[in-house]
Amino acid sequence: MSLSATSPRPVDILRFNTCGSVDDGKSTLIGRLLYDSKSLMEDQIEALERSADITGGGQINLANLTDGLRAEREQGITIDVAYRYFATPRRKFIIADTPGHVQYTRNMVTGASSANLSIILVDARLGVIEQSRRHTAIAALLRIPHLVVAVNKMDLVGWSEARFLEIRAQFEAFLPRLDIKDVKFIPLSALNGDNVVEPSPHTPWYAGPTLLGHLETVHIASDFNLTGFRLPVQWVNRPNSPTDAALHDFRGFSGQIAGGVVRTGQKLLAFPAGIVTTVKQIWTYDGVVDEAFCPQSVTLVLEHDIDISRGSMLVALDHLPGSSCELQAEVCWMHTRPLQVGKKYFLKHTTHTVQVVVTELIDKLNMSTLDSEPAPAALAVNDIGEIKLRAARPLVFDGYATNRLTGSFILIEPGTNATVAAGMLRAPHDVFKPETADYVI
Amino acid sequence: MSSYHLDHLQHLETEAIHIMREVAGEFERPALLFSGGKDSICLLRLAEKAFRPSELPLPLLNVDTGHHFPELNEFRDRRAAQLGAKLIVRTVEDAIARGIATPAPGEVSRNRLQIPTLLAAIEEFQFDCCIGGARRDEEKARAKERFFSFRDSFGQWDPKNQRPEIWNLYNGRLNPGENMRVFPLSNWTEMDVWEYIQRERLEVPSIYFSHPRRCVRRGGQWLPVSALVPPKLSEEVRDLVVRVRTIGDIISTGCVESPATTVADIITEIAAARVTERGSRADDKASEAAMEDRKKAGYF
């Protein structure tokens, strides 16, 4: 069925985030992308012009497009993640504009966690500063597949190729210590629009794509893991219809596939019951299907009547996950009350929330040197460190490096219900041993 | 292209279904805000996709300002009945009569008065979560909104103190009296909504399509002439062929001249549009921070 009567529509989505320090020109860059790609509407341009008369001395300020809250406009800063949308004939884009102040690192993690690509902005005059290292380290930690280093304000260094190469060398000095596979360096001026959408006449020495050109063409290898089926059960679908006999006995397990592919007739292991069953039917609103894959949302009907509820996980037999109460993870601490060893938190992992206690603080990442500092006294807001946890019930999980969806968690502080940490699990020591399980019904 | 590929609408759909099911899994008494507008029409289809073959595990809630387009309310009631869903309607009129909402002297718009009416309905039914059809691309303050938007016991949004949202892990924990607003369409644009309506062959209220209507020129817009909007002698009145792009109250929703009679026509029109959809809403033009202020007070 054709989607639209107009031009060919975008067929995929690229999610990216922008990070940089105050005054690196992030908001201006996004404003420029929207403005030059003709994604702005007349009333938005009018509103820009209205605010230019009030605060900008008549000069249009592209940053006003993204600095949405009054508090931000008054202080000229971005205080929270703002999302922007635009589409070109090739792609649909979701931008998370994340602020660069030291105290808002948690927002960068929020904006970047689901990104395909991160843009790190660097002021050409300043070069690499601690913020650049911090943002790059967070992008690496979150395993964002693609990175763009946008060397901004090149007009203020006379479009010097030498300066560009110098900044590139500054990055390359620490990049090998981080696990990032794809990095692109682009010299640009967001204020004047050079190399953002249109190629710049000032950079004859740069043969690469413009920023938008790169965003439109970068190969987004599937972010989603297609090996090792995982279905965290969100909701038990039981119509209990007294009138419709066909539905009376329907019992399905609804969830979003967090990894792999599932087929009708496939054998699955159900956690925490530890029982093997078979897929009888893959039910969707649009009809029964033979096969479904990550990240589709489906409802599975199983052959056996097993005790499965929200928080249970159905997994493929050929790629078994870990199952353990003892966990080790890298965490980004997001709350002003520091992490306390010995304190209990709620841990939400997939659709499963469980009580945990922090048993050990192993090390902390020094953001200036990117070295690990062993046995730190505490983990404060915006710190990244390695911890050990013990859960009240076993978690069924994969390492974050293998699967972002089954390898990630958040910590919630009891009482305040604040989300205090984002965690990335280390690979399990052993995978689940099915011989200890009751295999047959 | 591999067969394991989802296009942009399928991505947005599975993300929204996941969020709907998280609501069903994490909250005791959720409700879905259904106005009959295009965004909430998509929400209802997503709820069907999330929960069928079961009944929808949550009632529909609408705050009727008394200034709705009649076509909208007719559609709202009919669609709810088709789905066998429970529809709760609470009116601003009633809230005023009961002293819950108090109009300012001379205040005609019911926009602000929706807030106390909604909060009273939440309290009456002890809803701990309301799913809404707001999208981040609508407005600058909306662009800062989370999928799970925490509201304190006064229904207020605190933009400086939002819970971080990481991966697809949503923290739905609440203390008594607190409330969550959940926006499954956060990442959808106006274009996505219409493409989804087209793909799913969803019915929408007739006022989205062009029709003859008497309009009055006011504040740079064509407002529909009605008992609530009588033209003044000095104002220009014309019989036009128009449609609405976004549905607010009949007193503040500007009509746009348009020949669009099908969803495909509307998609073509939006692709060429030079004004955002909220550009035709007088309530958002009040000041640059109009939406921010209303959201802080408990507007959805």
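In which helix of chain A is A:Q170 found? A:Q170 is found in helix α6 of chain A, residues 161-174; helices (H or I, at least four residues) and strands (E, at least two) are DSSP runs, numbered from the N terminus. This is a predicted model, in which local features need pLDDT of at least 70 and side-chain atom pairs count only at pLDDT 80 or more, while totals for chains, interfaces and linings use all residues. Residues are numbered from 1 along each chain as its sequence is written, and chains are lettered from A and ligands numbered from 1 in the order in which they are written.

A:Q170 counts as partly exposed because it has 17 C-beta neighbours inside 10 Å. A residue is buried if 20 or more other C-beta atoms lie within 10 Å of its own, exposed if 12 or fewer, and partly exposed in between, with C-beta atoms placed from the backbone. Leaving aside neighbours within four places in sequence, A:Q170 is in contact with A:G127 and A:V128; contact requires that the C-beta atoms of two residues, placed from the backbone, lie within 7 Å. A:S372 is 202 residues from A:Q170 in sequence, and the C-alpha atoms of the two are 20 Å apart.

A:L339 is found in the loop between β16 and β17 (344-349) of chain A. Not counting residues up to four places away in sequence, A:L339 touches A:W333, A:V358, A:L361, A:A378 and A:L379. For A:L361, 22 residues apart from A:L339 along the chain, the C-alpha separation is 8.9 Å.

Chain A as a whole has eight helices and 22 strands. Of its 441 residues, 47% count as buried. Of the contacts in chain A between residues at least 6 apart in sequence, 71% join residues at least 24 apart. Helix α4(A), residues 105-112, is mostly covered, with eight of its eight residues buried. The buried residues of α4(A) pack against the strands β1 (13-19), β3 (92-97), β4 (117-123), β16 (322-333) and β22 (419-425), and against α5 (130-141), of chain A.

The largest nonpolar core has 184 residues, of which A:A150, A:V151 and B:L32 touch the most other members. Such a core is a set of buried Ala, Val, Leu, Ile, Met, Phe, Trp, Tyr and Cys residues joined through C-beta atoms within 7 Å. Beyond four places in sequence, B:L32 is in contact with B:L43, B:A47, B:L58, B:L60, B:L61 and B:I131.

In chain B, the axes of helices α1 (residues 8-26) and α2 (residues 38-51) come within 9 Å and cross at roughly 70°. Axes are lines fitted to C-alpha atoms, for helices over the stretch in contact, and angles run from 0 to 180 degrees between N-to-C directions. Residues of α1(B), including B:I17 and B:M20, meet residues of α2(B), including B:L46 and B:A47.

Chain B is divided into domain 1 (8-200 + 289-296) and domain 2 (206-283), with bounds from an automatic or database domain assignment. The contact takes 21 residues from domain 1 of chain B and 17 residues from domain 2 of chain B. On the domain 1 side, α3 (70-82) and α6 (190-199) of chain B are the elements that give two or more residues, and α6(B) supplies the largest share, six residues.
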